[in-house]
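Me: I am new to this structure and would like a close look at a single part of it. Could you take me through the salt bridges and what surrounds them?

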Amino acid sequence: MPHLDPEQLSLLALYDGWEDPAGREHLAACPECAADYAALRRTVDAVKTTPDTSRLTVPGPQVWAGIHRELGLSESVREDPLSPDSAKGAAEGAAKETPAAPAVKPAPAHVPPSNVVPLRRRRTWWQRPGTWVAAAAAAVLVVVGAVLTVTRPPQPQQLAAAQLTPLAQHSAAGSAKVVTAGDGSRNLEINLDKDEAKGYQEVWLIAPDLSRLVSLGVMNSTSGTFQVPAGLDLAQYPVVDVSDEPMDGNPAHSSVSIARGTLTS
């Protein structure tokens with residue numbers, strides 16, 4: 001079963017009303033994608049939730065020192081901007097550098113109308129409540145998406161499939177499909193609803209005219225996975241056959257087939 005790609009998962013996690021019925025149906029049936037979706041949802045919920053900043057404290061000066069060092073900032077901004085002395089020192093420095101204004105007669109005090117609210121001093125971005133928390137959560141969301149993109153291995157792809165129908169004197173039926181693995185190898189997956197072999201079951205790929213055949217191995221239960229030989233052209237061997245083989249030591253086909261079907265793309 002192909003998995004949802006990271007972009008599709010991100011859109012489903014970010015937007016509750018995102019129109020993707022097939023994607024949401026896949027989430028209900030695929031535990032791996034559902035786990036990735038749940039992780040993304042927790043991150044999205046953390047970003048959208050207003051954090052409790054009542055117990056947050058101002059970070060120590062070593063935090064700004066680390067930021068200053070990592071970003072290679074100039075000496076003019078070496079001082080921690082959150083330090084209580086920072087604003088006071090900046091104000092005193094500005095007062096020293098600004099020439100004294102000539103004495104003028106003070107203007108009459110202006111009383112603002114009662115419906116005008118004085119402007120508050122605008123906070124810098126690092127002083128706004130919850131900014132660090134939101135930025136950190138957003139960064140986590142980006143990292144999760146990147147990890148999903150980088151670490152998720154290539155998913156198996158189905159190349160062909162066949163319905164297996166019973167042959168004479170048998171009633172077992174099932175299905176077969178050829179899938180590619182992440183390394184490019186091909187596997188034939190067989191499923192039958194019962195085991196009717198009197199000896200043992202053997203899986204074959206056979207030419208359409210039944211003149212040539214390749215054995216893939218013994219199937220000891222009602223299902224099995226068998227590697228298709230590299231370089232074998234499935235177009236030349238499209239018939240999947242499950243035979244009943246006696247314990248006679250003869251590697252040839254017994255000519256007794258339980259179920260058979262033809263692969264189609």
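**The salt bridges and their surroundings**

Reply: In this predicted model, Glu-189 is partly exposed, with a relative accessible area of 24%. Its salt-bridge partner is Lys-177, and the closest N and O atoms of the two are 3.8 Å apart. This pair links distant parts of the chain, since Glu-189 belongs to strand β3 and Lys-177 to strand β2, 12 residues apart. Lys-177 is likewise partly exposed, at 31% relative accessible area.

The structure holds three salt bridges, and another of them joins the side chains of Asp-241 and Arg-260, at 2.8 Å from N to O. Because Asp-241 lies in strand β7 and Arg-260 in strand β8 (residues 257-262), this pair ties together parts that are 19 residues apart in sequence. Asp-241 has a relative accessibility of 0% and therefore counts as buried, whereas Arg-260, at 23%, counts as partly exposed. Asp-241 is also among the residues in contact with Val-203, whose other contacts include Leu-188, Ile-190 and Val-242.

Val-203, Leu-188 and Ile-190 lead on to the largest nonpolar core, which has 21 residues, and they are among the members that touch the most others. Strands β2, β3 and β7 are among those that each supply at least two residues of this core.

The salt bridge between Arg-78 and Glu-75 has its closest N and O atoms 2.8 Å apart. Here Arg-78 counts as partly exposed, at 46% relative accessibility, while Glu-75, with a relative accessible area of 56%, is exposed.

Methods:
Residues are numbered from 1 along each chain as its sequence is written. This is a predicted model: local features need pLDDT of at least 70, side-chain atom pairs count only at pLDDT 80 or more; totals for chains, interfaces and linings use all residues. Side-chain values use heavy atoms; hydrogens and water are left out. A nonpolar core is a set of buried Ala, Val, Leu, Ile, Met, Phe, Trp, Tyr and Cys residues joined through side-chain atoms within 4.5 Å. Buried means under 20% relative accessible area, exposed over 50%, partly exposed in between (1.4 Å probe, protein chains only). Helices (H or I, at least four residues) and strands (E, at least two) are DSSP runs, numbered from the N terminus. Contact means heavy atoms within 4.5 Å. A salt bridge is a side-chain nitrogen of Lys or Arg within 4 Å of a carboxyl oxygen of Asp or Glu. Lists of a residue's contacts leave out its neighbours within four places in sequence.
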